[in-house]
Amino acid sequence: MESLFESLSAFLSGLFALAQGGFDGVNQVTGLLIAVIAALVMPAWSRLWATAFGAALVHILIGVVRPVLDGGALLLPPLLTLNFWMTVLALFLGYAIVIAVFFFIRTLFTGGAHGHHRTAH
């Protein structure tokens, strides 16, 4: 039983480290802009995971397209490496955190997740 708790603890600390690394990747100008736009277009809390995944894909796409716009060659990311997928997972977790915070702030100002106005009866 003790080894189960040690394994679970190691897994959770690894997941936390991934989330922290993803948060560091998102906590830059490009990442914050992507997160703000994603939080503005996200319709409800139930769409958080899909929105975070889409934001991570946009982040990767910008990383591929930006060098081309600067006159460089088109280099595809190393899709078949574990390091690439760990980066995508880290970005996904980071975007999930940042988008959730921005969406929460948005719901505070709009009075709800769907932007419905409350009426007095």
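The legends below describe a predicted model in several close-up views. Residues are numbered from 1 along each chain as its sequence is written, and side-chain values use heavy atoms, with hydrogens and water left out. Local features need pLDDT of at least 70 and side-chain atom pairs count only at pLDDT 80 or more, whereas totals for chains, interfaces and linings use all residues.

**View 1. The helices of the protein.** The secondary structure comes to 4 helices and 0 strands, where helices (H or I, at least four residues) and strands (E, at least two) are DSSP runs numbered from the N terminus. Of the 121 residues, 30% count as buried, that is, under 20% relative accessible area with a 1.4 Å probe and protein chains only.

**View 2. Helix α4 and its end.** With 29 residues, α4 reaches 41 Å from its first C-alpha to its last, close to the 42 Å expected at 1.5 Å a residue (the expected span being 1.5 Å times one less than the number of residues). Gly111, which follows α4, has a positive phi near 85 degrees.

**View 3. Arg106 beside Ala39.** Arg106, found in helix α4 (residues 82-110), is buried, with a relative accessible area of 17%. A polar atom of the Arg106 side chain lies 2.7 Å from the backbone oxygen of Ala39.

**View 4. Surroundings of Ile99.** Not counting residues up to four places away in sequence, Ile99 touches Ala35, Ala38, Ala39, Met42, Leu48, Thr51, Ala52 and Ala55, contact meaning heavy atoms within 4.5 Å.

Key: Buried means under 20% relative accessible area, exposed over 50%, partly exposed in between (1.4 Å probe, protein chains only). A polar contact is a pair of N or O atoms within 3.5 Å; within protein, one must be able to donate a hydrogen and the other to accept it, and residues adjacent in sequence count only if both atoms are side-chain atoms.
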